Amino acid sequence: MVCILSAERIDCLTSPGFAGEVGESSSRVGGGAPGAIGAHRRLVASPPPGGEAPPTSPSTGRGMDTFLGCGYLARHGYHFANLDRRHQSRFRDLVRQHSHAVNAAVSGLSALPGTRRSFAASRAMTRFLNHEDISFTALIEPAQDAIRDALAASPSSFALVVHDWCMFSFQTHDSKLDRYQRSHDRDLGYELGSALVIDAADGRPLGPMELRLRTAEGMLSTRPGDTALPPGHVDELLDVMTALQATQPDKTLVHIVDREADSIGHYRQWHTRGHRFLVRADLKRRLLWQERERPLTEVVAAMALDFQDVPDGDGPTIVTIHAGVGRVRVAETNVVLHRPARQTVPGKRTAGGHRKQIDVPGVPLPLRLIVTRVVNAVGKVLAEWCLLTNLSSKEANASTVGRWYAWRWRIETYHKLLKSAGLNAEEWQQESGPAFLRRLCVASMACLSVWHLQRDESAEAARLRSVLVRLSGRQMKHRVESTAPALLAGLEKLLAFDDLMQNEDIQEILALARRVLPKLFHSG
């Protein structure tokens, strides 16, 4: 297996990534400080009597309709079924019209040839996105349905849930009156929190199970019911973990977060509730190791002789990163987090103007420390990740845990697909947070359709991917079959061609083109 890694990522070339097109690079998006506390009420369809939604229907065939989302949209949960049929039909149309990759100059939906006027299509989308009776819960259900089907077919007993945050900057969009100010007065926009589900067997992204949007007026969520706005990012996760576990009783969920979530207080909460987590540790952390308190860096240095190569077939796993080529090595040990948690007191400041924090004692928490390294031929460490998890060694060995964390980068590429690499969401003209979140649900369904096409290993799917890449006009890097932005770009052209064929005679159009543009369309 050949991989590309950076100091904060491992991106396998054999998996669906975004660094596969010539002239395209990956960059981190998202992050930021928390905002003020607030709440936002939304219209959400009530559950049926008894409090439980009916089970989803079993998986059906995976033809072209499935790739374009239509197969999954035909099977939906309770909230989507309660939508007016006109709204269900409009949702399907919008998913098709969002199946495209755009640039900074083009941020709208694709008006297919069958659409009489692009202005009429835009007006129809505006009415849909601003309709208060269309709940976020209903719009995310088709994606959740597809995720559950994919997990049911996965051979792994685990499912990975990656959490991260992404800021959509709208500093010049003055018509958006509910923009959230993250830090300084020009840092304005909406902040998206995503819970992206990944197949633990092969690392393929399956789709977002939950979306949360932070606005100046509060927190919007695709989860049923009202969602309070917590003090910080990590404070959101306990409720998210609990809600997701209720929807996936047959899988053990492993929640993966970057080092922003390295918090002993939150670890204790999650562990007490029975949630499995995998978090990148802050190198400044202190912990108990061999019955002595030590800094994390000292513990890692003492593990130097314990590293072993991660096998790949008959030899070690060899990867390529920006710093060079090396082999992947792992080591693990048991540690205990014993220090009190630090909790911020809302509204309180110290004499120096900093946020006031207090100590919150708690029981010692035993965890596994797993260190993953990329080492070159002369033994120089090119990259290193220090991971903390409450997974037992029987559930997942060190190599598996390291590989799972490497797949965390999938959520970064998902956010990039929503932004500069695909749908250009920072140029959307919706004037409110609720309308923006509804459009994100539609766009995420378009992304999910592409991911499922990438996931399919059949010869027909491979042929379709080849056709879409050719239609996209994009050049792939060496040994990269396709990328999600390229497939989206090709899918837009294929959908337009399919719509055109239903209304026009292609031979007549080609004959017309040869007469009018003979230098571009040769008759031979």
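I found Leu517 in the segment after α15 (506-516), partly exposed with a relative accessible area of 40%.

**Basis of the entries.** I am reading a predicted model, in which local features need pLDDT of at least 70 and side-chain atom pairs count only at pLDDT 80 or more, while totals for chains, interfaces and linings use all residues. Residues are numbered from 1 along each chain as its sequence is written, and side-chain values use heavy atoms, with hydrogens and water left out.

**Helix α10.** I then looked up α10 (residues 398-406), which is largely enclosed by the rest of the structure because 8 of its 9 residues are buried; buried means under 20% relative accessible area, exposed over 50%, and partly exposed in between. Helices (H or I, at least four residues) and strands (E, at least two) are DSSP runs numbered from the N terminus. Among the buried residues of α10 I listed Val401, Gly402, Trp404 and Tyr405.

**Cores.** Which residues touch the most other members of the largest nonpolar core? I found that Phe168, Trp404, Leu418, Phe436 and Leu440 do so, in a core of 94 residues, and that helix α12 (residues 433-455) gives the largest share, 13 residues. A nonpolar core is a set of buried Ala, Val, Leu, Ile, Met, Phe, Trp, Tyr and Cys residues joined through side-chain atoms within 4.5 Å. I also recorded a second, separate core of 30 residues, which includes Leu287, Met303, Val335 and Leu365.

**Ile264.** I located Ile264 in helix α8 (residues 264-272), where it counts as buried at 8% relative accessibility. Beyond its neighbours within four places in sequence, Ile264 is in contact (heavy atoms within 4.5 Å) with residues including Arg285, Leu337, Ala341 and Leu365. Ile264 and Ala341 lie 77 residues apart in sequence, yet their C-alpha atoms are 5.6 Å apart.

**Ser156.** My last entry concerns Ser156, in the loop between α6 (136-153) and β3 (158-169), which is buried with a relative accessible area of 14%.

Methods. Buried means under 20% relative accessible area, exposed over 50%, partly exposed in between (1.4 Å probe, protein chains only).
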